[in-house]
Amino acid sequence: MSRTEPFEKEYELYDAWFDENQNVYESELLAVRRLLPTGGRIVEIGVGSGRFASRLGIAEGVEPAERIAALAEARGVRILRGCAECLPLGNETCDALLYVTTLCFVDDVDLTFHEASRVLKPGGCVVLAFIPKDSRFGTLYDRLKQEDAFYRDATFYTAKEVLAALEKAGLRLIEAVQTLTGPPETANQTVEAPSPGLDRGSFVVLRAGKAEKRSSRAR
Ligand SMILES: C[S@@+](CC[C@H](N)C(=O)[O-])C[C@H]1O[C@@H](n2cnc3c(N)ncnc32)[C@H](O)[C@@H]1O
């Protein structure tokens, strides 16, 4: 089964999750907002129904699943059809790329970061939000995978694995924050402020940068 199929078929169910889990959603938004740059061209990859892009002022999103993309469009996000491994974006045209729980659905993580590096301007960055495989939510979702319409097809990664893949594409870690540090059963009771690090949260956000261009002028 294609990993986009649930987002074509059950897109309304996916989108409704945010209304039912408002405090979790707000905690996640706070963590992403902490590391997202403020200016320049920012594109969300795997934008889904646009819940993050629309709240964070991101005008453009790449999305392969047509039906969920229509919800993002209705929220004012311009959709570029495509996928993370073959971005419909030119070389060195973006200041930042945002990925929110998209990495666990892509077919090829190395190609995803290679593409990110291609479209980022020198000095640009990737902001990557994910559920670490060994976090409390990650362990739970992994265990319940077969019963979940969305996460059945997901591949979770540890923070260490994600960092290694970013490094391989020449994207260096700048900063990390985390949220949802408590048990999943109580996560929606309050909004949690992000804290530094990547070792305790079930929702980790990394900012990783592409190197600035070196001046070729000899002295
Ligand atoms: C869990 S949803 C996240 C959506 C949105 N970022 C959010 O946080 O609400 C994962 C999204 O990634 C998309 N997706 C699946 N495979 C993809 C790929 N290879 N490249 C880009 N997006 C992909 C799905 O269609 C879906 O919209």
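Two strands are said to pair if DSSP finds at least two bridges between them, and strands (E, at least two residues) and helices (H or I, at least four) are DSSP runs numbered from the N terminus. The model shown is predicted, so that local features need pLDDT of at least 70 and side-chain atom pairs count only at pLDDT 80 or more, while totals for chains, interfaces and linings use all residues. Residues are numbered from 1 along each chain as its sequence is written.

View 1. In strand 3, Ile79 is the bridge partner of Gly61. Strand 2 (residues 60-63) and strand 3 pair in the parallel sense over 4 bridges. The sheet to which they belong is open and mixed in its pairing, with 8 strands in the order 3-2-1-4-5-8-6-7; its edge strands, each pairing on one side only, are strand 3 (78-81) and strand 7 (195-196). Helix 5 packs on this sheet, where it touches strand 2 and strand 3, and its direction makes about 175° with that of strand 2 (axes are lines fitted to C-alpha atoms, for helices over the stretch in contact, and angles run from 0 to 180 degrees between N-to-C directions).

**View 2. Helix 2 against helix 5.** The axes of helix 2 (residues 11-20) and helix 5 (residues 66-74) come within 9 Å and cross at roughly 40°. The two helices are therefore oblique to each other, a word used for angles that are not under 35 degrees (roughly parallel), over 145 (roughly antiparallel) or 65 to 115 (roughly perpendicular). Tyr11, Tyr14 and Asp15 of helix 2 meet Arg67, Ile68 and Leu71 of helix 5, contact being counted if C-beta atoms, placed from the backbone, lie within 7 Å.

View 3. Although Ser54 and Val77 are 23 residues apart in sequence, their C-alpha atoms are 6.6 Å apart in space. Leaving aside neighbours within four places in sequence, Ser54 is in contact with Arg75, Gly76 and Val77.

**View 4. The buried residues of helix 6.** In helix 6 (residues 109-119), the buried residues are Val109, Thr112, Phe113, Glu115, Ala116, Ser117 and Val119. These buried residues pack against strand 4 (94-100), strand 5 (120-130), helix 8 (159-168), strand 6 (171-179) and strand 8 (203-210).

Methods. Contact = placed C-beta atoms within 7 Å. Buried ≥ 20, exposed ≤ 12 C-beta atoms within 10 Å, placed from the backbone.
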